[in-house]
Amino acid sequence: MDLLILEKKYIVMQEASFSGLFKTIMWVIAFYYIFKFLARIFLPVLVKKAVENASENFQRQQQQYNQGNTYQNNRNTNNNDEIIINTANAKNPRETKKVGEYVDYEEID
């Protein structure tokens, strides 16, 4: 009985053909142009949405920074009337690193 069931199973083998290759190439080209068309429609919308989200995040962070700064300034002005400005960096400009001496070369004829 098992032998009969095994004999009825067929293995279908496909051979490469020019028409199959041509259909595959046409499907690839069709998917490419469909994707390109849909990208032109939906990509600007997606980019606009991403820019709006980034803008909202930036504004939210800026507001949090300003609120923290305002709280800190109010706390400093309420406790003392003294303002301290650090001018140590303003008086001493940064020194450039001196790597070595400058050597002037002359051409010899």
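1. In what order do the elements of the chain run from the N terminus on? They run α-α-α. The chain has three helices and zero strands; both are DSSP runs numbered from the N terminus, helices being H or I with at least four residues and strands E with at least two.

2. This is a predicted model, in which local features need pLDDT of at least 70, side-chain atom pairs count only at pLDDT 80 or more, and totals for chains, interfaces and linings use all residues. Residues are numbered from 1 along each chain as its sequence is written, and side-chain values use heavy atoms, with hydrogens and water left out.

3. On confidence: the chain has a mean pLDDT (the predictor's confidence in each residue, from 0 to 100) of 78, and 64% of its residues reach 70 or more. Among the elements, the lowest mean belongs to helix 1 (residues 2-8), at 51, and the highest to helix 2, at 87. Where pLDDT is low, predicted coordinates should not be read in detail.

4. Buried means under 20% relative accessible area, exposed over 50%, and partly exposed in between (1.4 Å probe, protein chains only). The accessible surface of the chain is about 12,400 Å², with 58% belonging to carbon and sulfur atoms; such areas come from the Shrake-Rupley method with a 1.4 Å probe, and for residues only the protein chains shown count as cover.

5. On aromatic contacts: rings of Phe, Tyr and Trp (its six-membered ring) pair if their centres lie within 6.5 Å, and planes under 30 degrees apart count as stacked, over 60 as edge-to-face and the rest as tilted. The count by this rule is three aromatic pairs. Phe18 and Phe22 form a stacked pair, 6.5 Å centre to centre with 20° between the planes. These two residues are four apart in helix 2 (residues 18-79), so about one helical turn separates them. Phe18 is exposed at 67% relative accessibility, whereas Phe22 is partly exposed at 47%.
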